[in-house]
Amino acid sequence: MSGSSDLNQSYYAATAQAWETQAALASTEDCDVAVIGGGFTGLSAALACAEKGLSVILLEAHNIGFGASGRNGGQLIPGLRWSMQEIDAEFGRERAQALFDLAYGAVDRVKYRIAEHHIQCDAKAGHLEAAYRPAHFDAMQRDAAFSAQHFGWEAQIVQPQDIGRHINGGGYHGGIYDPQGGHFHPLNYALGLAQAAQKAGVRIYENTAAQTPVDTGTHVEIRAGAGTLTAKHVIMAADTWTGGIAPELRSYTVPIMNYNIATAPLPDADQLLPSDAAVADCRYVLNYFRLSADKRLIFGGGEKYVQTPPNDIGAFVRKHIAEVFPSLADVPIDYAWGGAVGVTMNRLPHMGRKGKLFYAHGFSGHGALVTTLAGELMAEAVVGTMSRFDVFANLPHSRFPGGKWLARPLATLGLLYYAMLDRL
């Protein structure tokens with residue numbers, strides 16, 4: 001049986017830890033920092049700001065973890081969408097080192113938050129990038145050697161004949177196993193951050209949609225829900241919803257729909273994925289999968305460039321499962337759900353500042369670790385420490401061409417081109 005596409009029917013929502021839904025904003029309030037968005041970025045920003053002694057209010061239009069933070073594949077992949085070899089070639093060694101220190105250091109920040117706040121989110125170590133073709137494996141080995149030699153990041157090269165140590169299926173041509181990567185229950189991580197933020201003094205309002213912030217010169221006013229908020233600074237952490245609240249940022253990302261399923265518990269789960277690592281292949285439109293704590297296969301496959309979901313998400317993803325694990329072609333699917341990923345032109349995060357507004361979005365499907373760091377960098381910037389924030393804010397970005405009405409169709413054509421290359 002295929003599950004519903006509604007978040008409330010996702011595997012994560014069905015197994016979420018206890019959380020008392022917070023009341024909507026219905027009065028006039030003020031604070032030092034208003035955070036818009038209740039995902040990893042916003043929650044980590046709110047928590048870090050509160051730890052610095054600032055008064056913080058967080059607004060979430062739906063529920064904590066409603067967006068990609070509560071729907072993603074749970075894969076903890078160190079770094080960015082670009083390899084360190086690409087980053088070094090494009091930006092030079094000094095900037096590459098700064099980006100490396102932050103992006104790969106995000107691993108430790110997430111581990112710290114989990115340990116410090118005793119977040120029960122089924123965190124496990126190990127991530128495998130699997131080579132879809134022999135040429136992919138050759139490129140992976142060069143990237144791994146470069147990262148080890150120049151940045152000290154050690155990962156394990158998995159020869160094609162040894163791939164069965166991690167996965168029995170897919171016909172992959174080797175891969176790179178990173179013991180510093182891993183996987184977790186993303187919604188429980190978000191809820192754990194929310195609880196930590198509350199303990200630090202953050203006031204959280206759910207089911208409170210924010211309108212466009214208005215900078216009066218002395219402060220920022222935000223109409224939200226049935227109330228009004230006055231703040232000295234605003235942190236925008238709404239990812240794919242950013243453009244609806246801050247229209248000047250709309251054209252920097254486009255949403256891509258991803259879909260996930262969770263099978264029934266599998267009696268032979270440990271034979272399919274012996275090392276219990278999360279796995280993602282290296283195609284542009286990739287398959288990614290892992291085991292849950294109760295031995296279900298959580299599998300994401302394929303992308304859609306329209307926001308209308310398939311009539312049957314389970315059937316849409318099932319064909320990708322069968323490509324990797326033919327024995328699971330008819331496996332029962334207990335949960336199926338989807339969500340949007342904000343993607344930038346260059347697939348690097350878009351961060352910056354406009355007056356009293358700080359923003360971070362466009363993590364391009366590679367944000368489960370970097371979002372926690374992004375929130376903390378914005379908290380640093382709010383109190384005037386800009387150096388680490390500027391490492392990301394100074395990355396070059398372009399708007400998607402076509403304006404409000406044509407940007408998405410034109411971007412879709414480009415994405416379809418890369419998807420076609422996968423098939424060829």
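This is a predicted model: local features need pLDDT of at least 70, side-chain atom pairs count only at pLDDT 80 or more; totals for chains, interfaces and linings use all residues.
**Aromatic pairs**

- The ring centres of Phe-100 and Trp-153 are 6.1 Å apart and their planes stand at 80°, so this pair counts as edge-to-face, given that angles over 60 degrees are placed in that class.
- Because Phe-100 lies in helix H4 (residues 93–116), whereas Trp-153 lies in the loop between helix H5 (134–151) and strand S5 (156–158), the pair ties together parts that are 53 residues apart in sequence.
- For Phe-146 and Phe-151, the ring centres are 6.2 Å apart and the planes are at 50°, so the pair is classed as tilted; both Phe-146 and Phe-151 are buried.

**Charged ends over rings**

- The charged end of Arg-71 is placed over the ring of Phe-66, at 4.5 Å from the ring centre.
- In the case of Arg-283, the charged end sits over the ring of Tyr-132, 4.1 Å from the centre of that ring.

**Helix H5**

- The 18 residues of H5 should span 26 Å at 1.5 Å a residue, and this agrees with the 25 Å that separates the end C-alpha atoms of the helix.
- The buried residues of H5 are Phe-137, Met-140, Ala-144, Phe-146, Ser-147 and Phe-151, and these buried residues pack against helix H3 (84–91), H4, strand S4 (124–130), S5 and strand S6 (175–183).
- Just after H5, Gly-152 adopts a positive phi of about 75°.

**The protein chain as a whole**

- The protein chain contains twelve helices and 17 strands, and its C-alpha trace spans about 65 × 50 × 45 Å along the principal axes.
- A compact globule of 424 residues would have a radius of gyration near 22 Å, and the 21 Å found for the protein chain therefore agrees with that expectation.
- Of the 424 residues in the protein chain, 55% are buried, while the accessible surface comes to about 17200 Å², with 51% of that surface belonging to carbon and sulfur atoms.
- Among contacts in the protein chain with a separation of 6 or more, 76% are between residues 24 or more positions apart.

Notes:
Residues are numbered from 1 along each chain as its sequence is written. Side-chain values use heavy atoms; hydrogens and water are left out. Rings of Phe, Tyr and Trp (its six-membered ring) pair if their centres lie within 6.5 Å; planes under 30 degrees apart count as stacked, over 60 as edge-to-face and the rest as tilted. Helices (H or I, at least four residues) and strands (E, at least two) are DSSP runs, numbered from the N terminus. Buried means under 20% relative accessible area, exposed over 50%, partly exposed in between (1.4 Å probe, protein chains only). A charge sits over a ring if NZ of Lys or CZ of Arg is within 6 Å of the ring centre and within 35 degrees of the ring normal. The radius of gyration is taken over C-alpha atoms; the globule rule is 2.2 Å times the number of residues to the power 0.38. Contact means heavy atoms within 4.5 Å. Accessible areas come from the Shrake-Rupley method with a 1.4 Å probe; for residues, only the protein chains shown count as cover. The expected span of a helix is 1.5 Å times one less than its number of residues.
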